[in-house]
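Trainee: Can you walk me through this one? I have the viewer open.

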Number of protein chains: 2
Amino acid sequence: MLDVDRLTTVIEDFNTIFIRLPSVRRLNFSALSVLHTLHRRGPLRLTDLLATEQLKQPALTSLVAKLEQDGLVQRRPDPADGRASLLSLTSTGQELVRSRHTNRVTKLTGLVEQLTPEERAVLAGSIDVLHRLTALAEDTP
Amino acid sequence: MLDVDRLTTVIEDFNTIFIRLPSVRRLNFSALSVLHTLHRRGPLRLTDLLATEQLKQPALTSLVAKLEQDGLVQRRPDPADGRASLLSLTSTGQELVRSRHTNRVTKLTGLVEQLTPEERAVLAGSIDVLHRLTALAEDTP
DNA sequence: CCGACTTACATCGAAAATTGATATAGTCGG
DNA sequence: CCGACTATATCAATTTTCGATGTAAGTCGG
C-alpha cells in the first residue's frame, strides 16, 4: 500500500536539498518563484501570476517592476484588455531559470549515479506518475 | 534509462503545488524553513542552522529571536560551549510543522486517489529511493 | 596559564521587501 | 454613457535582510 504520509515526509526532506541553491543575482525566493512560474506558464497577466505566488498584489507589482529593471522580465500591453499587461521572461530571464535547472540536474546526476540500476529504474518509472500528479493538482483545486 | 533532466523538471513543477500552502501565522518562507529544519534535525546551534538556511547570520539571529517571542522556538545554553545556544522547537512549533505536514498529506491523498492502482504502486516503490537520494545528498557535499 | 587568534553570536544602521489602504484607469452590462 | 467592477499602481508603515562591527567565550602554542 501507498503510505501518503511517508511519501509526503520523504518529499519534504528531499526538497531541503533540492530547492536550496545559492541564488546568483541576489534574487530571493519570491523572485525565483515568479521567474519559474513565468517560465512554465508563458505570458501571464499580473493578476493571474498573483494566484500562484504567495504575495499580495502591491508586492508583486513592485517585484515585477524590479525584475523588469533587471532585464529578466518583459511586459507588453494585453491587446485584449487596456488595464492589463502580459508578463513574460526575457531571454536573460529564461537563461537564468535554465541555469538553475541545469544546476539541479548536475546535482541530481551526481546522486543518481550512486544508486543501483534497480533504484534508477524505479525513479525512471515514477517520472510519469509525478507528472500526472501535478496535472491532477492543477485541475482539481 | 533514467532521464535526470526530465525528472528534475517534473519535481520542479510538482513542487509548485506541493510547497505553496497558505501559511497560517504570517510566517514567511525563511521562517518556515527554519522551523522545518529544527523539526528534522533536532536541537541545533545557530551556526549549524545557518548552514541550511539561505540567510546571513544577523538575519537568522533576529528571525530566531522573533520565533522565540512567538513561542515557536526555544533556546537553552549549550552545555559544551558557553558562547552557543541550542535551538529547538517548542511544542507549539512542532504542532505548527506537523499541521503543515498534515495539510500536505490531505492534499496529496486527494490526488493519489485519482491515480490508478498501478500508478500508486509506482509511487509506493519510489519512496525508499527518494529517501536514499536525500541521504546521499546529505553525505556527499 | 597567558597572550594571540579564532569562533559564536549580538547589535546597529541602512537598504530592500511586504503589506493594507487607497487611487487610477479601463471594461462591461444595461 | 452610467454605475459597478476589475487590473494594476502608488503610498506610508512595517518587517526582513544585510554588511560592518562588537563582545564574550573558546582554543592553542609556548
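Mentor: Start with a term: a salt bridge is a side-chain nitrogen of Lys or Arg within 4 Å of a carboxyl oxygen of Asp or Glu. The model is predicted, so local features need pLDDT of at least 70 and side-chain atom pairs count only at pLDDT 80 or more, while totals for chains, interfaces and linings use all residues. Residues are numbered from 1 along each chain as its sequence is written, chains are lettered from A and ligands numbered from 1 in the order in which they are written, and side-chain values use heavy atoms, with hydrogens and water left out.

Trainee: OK, which side chains meet in a salt bridge with 3.0 Å from N to O?

Mentor: Arg104(A) and Glu12(B). Between chain B and chain A the count is eight salt bridges.

Trainee: And which helices of chain B supply the side that touches chain A?

Mentor: Helix 1 (4-18), helix 2 (29-41), helix 5 (91-112) and helix 6 (117-139) of chain B each give at least two residues. Helices here are DSSP runs of H or I with at least four residues, strands are E runs of at least two, and both are numbered from the N terminus. Helix 6 of chain B has the largest share, 18 residues.

Trainee: How much area is buried between the two chains?

Mentor: About 5800 Å², with carbon and sulfur atoms giving 69%. Buried area is the accessible area (1.4 Å probe) that two parts lose on being put together, summed over both. In contact terms (heavy atoms within 4.5 Å), 59 residues of chain B meet 59 residues of chain A.

Trainee: Which side chains reach a phosphate oxygen?

Mentor: Among them, Arg75(A) has a side-chain N or O atom 2.7 Å from one, and Ser30(B) has a polar side-chain atom 2.8 Å from one. For Arg83(B), a side-chain N or O atom is 3.5 Å from a sugar or linking oxygen of DNA strand D.

Trainee: Which element gives the largest share of that surface?

Mentor: Helix 4 of chain B, with four residues.

Note on methods:
Polar contact = N/O pair within 3.5 Å; in protein donor to acceptor, adjacent residues only side chain to side chain.
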